[in-house]
Amino acid sequence: MKLELDASDVRAESSWNAPRYSAQWPALPGSEKLSEALERQIQSWRRDYVGTYSGPRSGMTVVWEPVVNTSGLYGIRLRHTVTAADSAATSTTLYGDGDSSFTSLQLIDDSQRAALVKELERQAVQVNGGGEPFEGATPEEVFTDVSFTPDGTLVAAVAEGTIGPMSAGQHYATVKNPERYLSDDGRRVREAAMKSPASSTSPAPSTSTTKPENAGKKTDCTKAKCIALTFDDGPGPYTNSILDTLEKKKARATFFTLGPAVQAAPATVRRMVKLGMGVGNHSWSHPQFTTLTDAQVTSEITRTADVLKKITGSDPVAVRPPYGAYTEATPHAGAPFVLWDIDTEDWKNRNADTTTKRVVDGAHPGAIVLMHDIHPSTAKAVPGIVDELQKQGYTLVTIDELIPSMTKDGVYSSAPTK
């Protein structure tokens, strides 16, 4: 689901110095209580992370996505990952309107919570092949991320490692007709979700291997004047708006994606492929590679690569190390590293005009432009950027069109000079 670009402003905090953490969340006009609840949740995670900080090879990342945005009612999912040997990604969905905010747990009627845990446990036993996955778990622990699909199915996201191996990701337990379990707030959220056909809730990643409609229409950049727009940290709430622009203007770009965000929005990733966009790997939890062991770097890369291949049927085109941080000894895990030579700093300026100017002023044949598809100001800037570059004769291409001869251990900031 897309939020209106003027309806939300993502705020971020991050730190290059240890302990490192990076978090994004929305400020929602007219729903201040929910905005405050989101910030409290992130600050709670931050305090827990800092309080248990395990050294320079750990980091915390939080990304967000909308699950409901109808009639003044918002639902926002936060995905929280800590990089450590025993870490697991978790997700929390909070809801609110102009008067109040409430948790996923509050969607379930108090008298029905135990019964619904049992219902989900029956499904979990089938997936896990036995045992008691929720043994000793309270409803507060089970129902942190509850949402609804457009047909009204209840979806409860179960934390990684609870059912099956960590590599399997989150398990999504579903209840087709959940009315008997719901509170008044739950029924209201369900009705709102059923009015929102573009809901981003998805029970599980697809295994679709649909090939792009224009896969055979590659640009020869030895003949054309090419430039590559790239976007990091998504897919996010504004990615589909950017895809709308690129599709309308017959332009291409490459999206360097984070693993949990990919799991959250598989339909958006499949749309990228269908439109002929490049899909790259930006790690699982956005750590600084130079602070990790070789095994941790490899895990960060391969974990996201596996999820992308499951959804798209193909390996990601390249890896972009978070922060552009790497050394000659950093493992590539079988993929080239792609950096940039035009940095818009859109994450800092949050201004569409400034972002546009930096792209246009820095443009040159073979350039790679760095932006982020999680910021509304960037989505606002893209139409003007594309128009101006095309006016100057540029063809906007994917990374693999710009540099078709990338090697698996290569590092590229722009196209090699002819």
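This is a predicted model: local features need pLDDT of at least 70, side-chain atom pairs count only at pLDDT 80 or more; totals for chains, interfaces and linings use all residues.

**Entry 1: β14 next to β15.** I started with the pairing of strand β14, residues 342–343, and found it joined to β15 by two bridges, with the strands running parallel.

**Entry 2: β10 next to β15.** I then checked strand β10, residues 226–234, and counted five bridges to β15, again a parallel pairing. Here D232 is the residue that stands opposite H372 of β15.

**Entry 3: β15 itself.** Which way do the side chains of β15 point? I get I368, L370 and H372 pointing one way and V369 and M371 the other way, and all of them are buried. Buried means under 20% relative accessible area here. Since five of the five residues in β15 (368–372) are buried, I'm noting the strand as largely enclosed by the rest of the structure.

**Entry 4: cavities.** How many cavities of 30 Å³ or more does a search of the whole structure find? I got six. The largest cavity holds about 60 Å³ of space.

**Entry 5: lining of the largest cavity.** I listed 13 lining residues, and those nearest the centre are R20, G59, H286, P287 and Y323. Strands β2 (20–27) and β3 (59–70) each give at least two residues to this lining. Sorting the lining of the largest cavity by class, I have eight polar, four nonpolar and one charged.

Key. Residues are numbered from 1 along each chain as its sequence is written. Side-chain values use heavy atoms; hydrogens and water are left out. Buried means under 20% relative accessible area, exposed over 50%, partly exposed in between (1.4 Å probe, protein chains only). Helices (H or I, at least four residues) and strands (E, at least two) are DSSP runs, numbered from the N terminus. Two strands pair if DSSP finds at least two bridges between them. On a 1 Å grid over the protein atoms alone, a cavity is a set of points where a 1.4 Å probe fits but cannot get out, and a pocket is an open set with protein on both sides within 12 Å along at least five of seven lines; lining residues have an atom within 4 Å of a point. Grid points are joined across faces, edges and corners, and a volume is the space filled by probe spheres set on the points. Ala, Val, Leu, Ile, Met, Phe, Trp, Tyr, Cys and Pro count as nonpolar, Asp, Glu, Lys and Arg as charged, and the others, Gly among them, as polar.
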